[in-house]
Amino acid sequence: MVAAVRTRLTPHRLSPAGMRTLLRRTADDAGVAGFDHDHGYGILDTASIVDALRRRAKNGVRA
């Protein structure tokens, strides 16, 4: 997923920290709430990532 996003958004447009935040905030939480050692921050939710990136683009947000 990161490679797919990077084909459109370079680190200048979406910082590494911004990428990490995007992935954490859009993940489907699995297991206990928040980070856990079995599931990390959760399971990637591709549709949520795409929606978040579209909202960023619409609002002209840059990282």
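Colleague: How do the residues lining the second largest pocket divide into nonpolar, polar and charged?

Modeller: They divide into 4 nonpolar, 3 polar and 2 charged. Here Ala, Val, Leu, Ile, Met, Phe, Trp, Tyr, Cys and Pro count as nonpolar, Asp, Glu, Lys and Arg as charged, and the others, Gly among them, as polar. Keep in mind that this is a predicted model, where local features need pLDDT of at least 70 and side-chain atom pairs pLDDT 80 or more, while totals for chains, interfaces and linings use all residues. Residues are numbered from 1 along each chain as its sequence is written, and side-chain values use heavy atoms, with hydrogens and water left out.

Colleague: And what volume does the second largest pocket have?

Modeller: About 150 Å³. A pocket is an open set of points on a 1 Å grid over the protein atoms alone, where a 1.4 Å probe fits, with protein on both sides within 12 Å along at least five of seven lines; lining residues have an atom within 4 Å of a point. The volume is the space filled by probe spheres set on the points, which are joined across faces, edges and corners.

Colleague: Which element gives the largest share of that lining?

Modeller: α2, with 5 residues. Helices like this are DSSP runs of H or I, at least four residues, numbered from the N terminus. Leu22 is among the lining residues, and so are Leu14, Ala52 and Leu53.

Colleague: Tell me about leucine 22, then. Where is leucine 22 placed?

Modeller: Leucine 22 sits in helix α2, residues 16-26. Leaving out residues up to four places away in sequence, leucine 22 touches Leu14, Ile49, Ala52 and Leu53, where contact means heavy atoms within 4.5 Å.

Colleague: Why does leucine 22 count as buried?

Modeller: Because its relative accessibility is 9%. The cut-offs are under 20% relative accessible area for buried, over 50% for exposed, and partly exposed in between (1.4 Å probe, protein chains only).

Colleague: What about the largest pocket: how much space lies in it?

Modeller: About 250 Å³. It is lined by 14 residues, and the closest to its centre are Arg8, Leu9, Arg13, Leu53 and Ala57. The largest share of this lining, 4 residues, comes from α3.

Colleague: Switching topic, how many aromatic pairs are there?

Modeller: The count is 1. Phenylalanine 35 and tyrosine 41 make a tilted pair, 5.1 Å centre to centre with 55° between the planes. Rings of Phe, Tyr and Trp (its six-membered ring) pair if their centres lie within 6.5 Å; planes under 30 degrees apart are stacked, over 60 edge-to-face and the rest tilted.

Definitions and conventions: Helices (H or I, at least four residues) and strands (E, at least two) are DSSP runs, numbered from the N terminus.
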